[in-house]
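I opened the model to go through its disulfides. My entries follow.

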Amino acid sequence: MITWRSCVFRRLGVKIFRKNTLLFALFWFGFWIFMSALMFVHRTIFSDHCTDEKSKRILARVCDGYKEGILTGDLCEDLCISKQVVYQRCLYYEKGKKVIQADWAGIPIILKSKLENFSSYDNFGMLDYQEMQDVSTMDIVFYAALEIKNLLGLELINTTVPKLWTKHLQGRVEPYSKAELATMWSLLQQEEYTFFKILQDLSKHVVKVLGSCGHFYAVEYLIAGHAWNQNLFSLEELFGSSVTGHNNKALRGAIHTIALSFLDMVKHFENDFSYHLHLCDIKPENFAIRKDLTVVAIDVDMAFFEPKMRDILQQNCTNDEDCNFFDCFSKCDMQRNRCGAKRINSNLQVICDKMFRHWFSPSLIGSRASLPLQVELQKAVQRCAVPTEEYPKNKKDHRTLFSQLYGLLQASQRQLQE
């Protein structure tokens, strides 16, 4: 009897021990998951959380640098001395990038910088081994051209440095100060700034640069898109409460105008520069609209001219999915295990997929969705967004589809006005 009881207790003890061990292991595993998630949230959100207090400190450091003669810019006097530039709010921080809203003499502007601190940018190499009086205008042009080529993969053959620091370069007699050169160099290291400045007077579809102070540059404030907005762009903010409702003719007319402007931008980016310009991150937040409903690119961190695009796409691969770079796709050569240099989708296709399908779906068009013209427009948008292997298969088909979309949008817009 004693032996039997001892055996039972031993078995119960083993079961209890195993159960407790399992519970203990599950507890520690759950605790580890919780702590890992907590650390992840802290690193990704709270460590770079956008706050007014931090943004004001960042701008105060910029002004300290200006007063110490370390940096300069045509915005510095109004930001740091006369206080004509007034802080409004922090918009967002993302991977080091700081975006802040302010008013400049009563006009809203956006202040941007790729990095938080001026000291985080590389020094202008010539400052290390040349006296300032030896740095000529041609030296600046040469080094600026090299930096542009390095950043954007863009050859600047037979062109001036496109609108970069032209006021500083024209008619300049006195030598450049260290603050001027260091400031220029910090701006040239920011691909987005360089992109905007290059296209400043060449395109109405990029945001305007208004000035700079140190590594921060100011661009015009525009109404940006948002995926959560029913119409992607806040037309109410632009026109007031008079433009509301799914079936409001003014609202539908505005959407058609914006869609046509997107097509104008696609054609412009493909044909009006020395190289095709690829947009690899197409979403409402990266575009804005002006009062005349012109579409404007406001975030071009993922915009690349053809030479740079080819370099990016040519990566090692084992399947086609390895060759997808955000919204820019290539195909994998399975014999070479190498992605092709040619992009196989297009700006037009992605815009149709991410913008037009939302606008011209039956649910948003409403009672007019069954009209022949609207049905044809929906079909054209679908063909554009999800092309088959047969169509479009070449540039001619692409141009035909573009023309069909443009014509259908214009016809639909006229129908709204009847």
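I looked up Cys339 first: its relative accessible area is 2%, so Cys339 is buried (buried means under 20% relative accessible area, exposed over 50%, partly exposed in between, with a 1.4 Å probe and protein chains only). Its partner is Cys323, with the two sulfur atoms 2.1 Å apart in a disulfide (a pair of cysteine sulfur atoms within 2.5 Å). I read -90° about the S-S bond of Cys323 and Cys339, a left-handed link. Cys323 lies in the loop between α10 (306–313) and β11 (324–325) and Cys339 in strand β14 (residues 338–339), so the pair ties together parts 16 residues apart in sequence. Helices (H or I, at least four residues) and strands (E, at least two) are DSSP runs, numbered from the N terminus. Cys323 has 3% relative accessibility and therefore counts as buried.

On sources, I note that this is a predicted model, where local features need pLDDT of at least 70, side-chain atom pairs count only at pLDDT 80 or more, and totals for chains, interfaces and linings use all residues. Residues are numbered from 1 along each chain as its sequence is written, and side-chain values use heavy atoms, with hydrogens and water left out.

Next I checked Cys280 and Cys328, which a disulfide joins at 2.0 Å, S to S. Cys280 sits in the loop between β7 (277–279) and β8 (287–289) and Cys328 in strand β12 (residues 328–329), so this pair ties together parts 48 residues apart in sequence. The torsion about their S-S bond is about -100°, so the disulfide is left-handed.

Last, I found Cys63 and Cys80 in a disulfide, with sulfur atoms 2.1 Å apart. Both Cys63 and Cys80 are buried.

I counted 7 disulfides by this rule.
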